[in-house]
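Here are a few exercises to work through with the model open beside you. Try each task before you read its solution.

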Amino acid sequence: MPRPTKGPRLGGSPQHERHMLANLATQLFLHESIKTTEARARRLRPYAEKLITKGKRGDLHARRTVMKKVTDKYAVYRLFEELAPQFEGREGGYTRIVKTAPRKGDNAPMAVISLVLEPVAKKEIVDDAVATAKRAAAEAVKAEEPAAEADEAEEAAEDVKAEEPAAEDAPAAEDAPAQK
């Protein structure tokens, strides 16, 4: 049996909250991005993601269960025919919440909730890119080691050259008292 959420709801009653979430989800599917309060965006995220998961299934039963919640036929059509194929490779995380400036009238914290429509990179491609980056970093470290050794050798050579004139001055100073 479903348990109601604890604490205050977004509207006056549970029924009002269900209608509000259904309307927010409808607008999200139609416009792909909506601006609302942070609390509503946080409550909308799991609601919309479950509907998108049903949209990815794409069968008649899933369409009818989504139609129970989202009553706008065009929004359901758009979810199943246009948006769900774009989420095909994605294993969740279909929405993104970005916080924005507070609302002017009552200073309520606002957020933009949008659908993540960018294609997801395949795991093999990501693993290959990570391996390539690690190899490049290791090669850069190896390339810097000979350069560092060469710099140390140059510094040692400069130190030796700096000590040689001092050694030449010392015998001259010793020769001077002997000449007297």
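Helices (H or I, at least four residues) and strands (E, at least two) are DSSP runs, numbered from the N terminus. With that naming, Asn-107 sits in the loop between S2 and S3. Keep in mind that this is a predicted model.

**Exercise 1. Work out the strand order of the open sheet and find which strands stand at its edges.**

Step 1: Look for strands with a single partner. S1 (33-37) and S2 (95-99) each have just one, so one side of each is left without a neighbour in the sheet.

Step 2: Neighbouring strands here are turned by 25° against each other on average, ignoring direction.

Step 3: Zoom in on one pair. S1 and S3 (residues 110-115) run antiparallel and are joined by 5 bridges. Pick Lys-35, and you'll find its bridge partner in S3 is Val-112.

Step 4: H1 (residues 14-31) lies across S1, S2 and S3, and runs at about 145° to S1.

**Exercise 2. Find which residues have the most contacts inside the largest nonpolar core, and which element gives the largest share of this core.**

Step 1: Start with the general expectation: in soluble globular proteins, nonpolar side chains tend to be buried together.

Step 2: Go to the core itself. It has 27 residues, and Phe-29, Leu-44, Leu-51 and Val-70 have the most contacts inside it.

Step 3: Sort by element. Two or more residues come from each of H1, H2 (38-57), H3 (60-69), H4 (73-83) and S3. H1 has the largest share, with 7 residues.

Step 4: Leaving out residues up to four places away in sequence, Leu-51 touches Ala-25, Phe-29, Val-66, Lys-69, Val-70 and Leu-79.

**Exercise 3. Describe the largest pocket: what is its volume, and which residues are closest to its centre?**

Step 1: The volume comes to about 800 Å³.

Step 2: There are 26 lining residues, and the closest to the centre are Glu-17, Arg-18, Leu-21, Tyr-47 and Lys-69.

Step 3: H1, H2 and H3 are the elements that give two or more residues to the lining. H1 gives the most, with 9 residues.

**Exercise 4. Is Ser-114 buried or exposed, and what does Ser-114 touch?**

Step 1: The relative accessible area is 13%, so Ser-114 counts as buried.

Step 2: Again skipping residues up to four places away in sequence, Ser-114 touches Leu-28, Glu-32, Ser-33, Tyr-94, Thr-95 and Arg-96.

How values were computed:
Residues numbered from 1 in each chain as written. Predicted model: local features only at pLDDT ≥ 70, side-chain atom pairs only at ≥ 80, totals over all residues. Heavy atoms only, no water. Pairing = 2+ DSSP bridges. Axes fitted to C-alpha atoms, helices over the stretch in contact; angles between N-to-C directions. Contact = heavy atoms within 4.5 Å. Core = buried A, V, L, I, M, F, W, Y, C linked by side-chain atoms within 4.5 Å. Buried < 20%, exposed > 50% of the residue type's maximum accessible area, 1.4 Å probe, protein only. 1 Å grid on protein atoms, 1.4 Å probe; cavity = no way out; pocket = protein on both sides within 12 Å on 5 of 7 lines; lining within 4 Å. Points joined across faces, edges and corners; volume = space filled by probe spheres on them.
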